[in-house]
Amino acid sequence: MKILALESSGLVAGIAVAEDDSLLGEYTINYKKTHSQTLLPMLDEVAKMIELDLNTVDAIAVSAGPGSFTGLRIGSATAKGLGLALDKPLIHVPTVDALACNLWGCESLICPLMDARRNQTYTGIYSFDNGELQVIREQCAVGISDIIGQISEIGQPVVFLGDGVPVFSSYIEENCKAPYLFAPAHMNKQRAGSVAWLGMQYAKAGKLETAAEHRPDYLRMSQAERERKERLKAEKAAGAGEE
């Protein structure tokens, strides 16, 4: 089975191609460019380097959220476009789950932290059992105090990773009651290779969808939606006060 994987949920843009137990190619960029500028050129470069005929791909795995609203839309649109053009199914891979897979085989608990702004994080709690990802707490959008409180209650050693680590490191150092480590730079950001690996497991289990069916998992409203809701609430309150 050959999987093409796309990652654009955060600052990192990534493309990977995996075939069975081999990672044939992976291209990762973590720099100041929009994913609309990088994803397709990266795909073209990887395809050239490994002499990939896209028609030989069995499915397209996409990091489906949560994460950056713009990044998720770009990744979703790219995956849907490829799926429709190539007539291939999509694999909906939860972003936080895939991030946890960077630490495959880790004996400690794994807690990805993605910066969701407003002192919130996209996070979850995971472990590995005989090479299989175990979800202790499903990916969610919560305050940092919520997830660190649960980690402290569990009390087991934990490894934190993700772009939320530098944002919340001081809070973790002051409030986490469990033994912890921070993952090093080569493991601590989203990877298309991890999306490919987890996507492969999903595909083997029959967890596929059509391009038309695919929708990103935002988990919460965008800033524009929140501002609109607050504006409408204020207007309603002002109107009631005038009556």
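A residue counts as buried under 20% relative accessible area, as exposed over 50%, and as partly exposed in between. Keep that rule at hand for the exercises below, which all use a predicted model.

**Exercise 1.** Decide whether Arg117 and its salt-bridge partner are buried, partly exposed or exposed.

*Solution.* Start with the partner: Arg117 forms a salt bridge with Asp115, and their closest N and O atoms are 3.7 Å apart. Next, take Arg117, whose relative accessibility is 60%, so Arg117 counts as exposed. Finally, Asp115 has a relative accessible area of 27% and is therefore partly exposed.

**Exercise 2.** Find where the salt bridge between Lys48 and Asp44 sits, and classify both residues.

*Solution.* First, the two side chains meet at 3.3 Å, N to O. Second, both residues belong to helix α1, 4 residues apart, or about one turn of the helix. Third, Lys48 is exposed because its relative accessibility is 57%, while Asp44, at 39%, is partly exposed.

**Exercise 3.** Work out the strand order of the sheet and describe what packs on it.

*Solution.* Begin with the order: 5 strands make an open sheet, β3-β2-β1-β4-β5, with mixed pairing. The edges are β3 (22-29) and β5 (90-93), each of which pairs on one side only. Now look inside the sheet: β1 (residues 2-7) and β4 (residues 59-63) run parallel and are joined by 4 bridges. Ala5, for example, has Ala61 in β4 as its bridge partner. Helix α6 (residues 192-204) lies across β1, β2, β3, β4 and β5, at about 130 degrees to β1.

Definitions and conventions: Residues numbered from 1 in each chain as written. Predicted model: local features only at pLDDT ≥ 70, side-chain atom pairs only at ≥ 80, totals over all residues. Heavy atoms only, no water. Pairing = 2+ DSSP bridges. Helix = DSSP H or I, 4+ residues; strand = E, 2+ residues; numbered from the N terminus. Contact = heavy atoms within 4.5 Å. Axes fitted to C-alpha atoms, helices over the stretch in contact; angles between N-to-C directions. Salt bridge = Lys/Arg side-chain N within 4 Å of Asp/Glu carboxyl O. Buried < 20%, exposed > 50% of the residue type's maximum accessible area, 1.4 Å probe, protein only.
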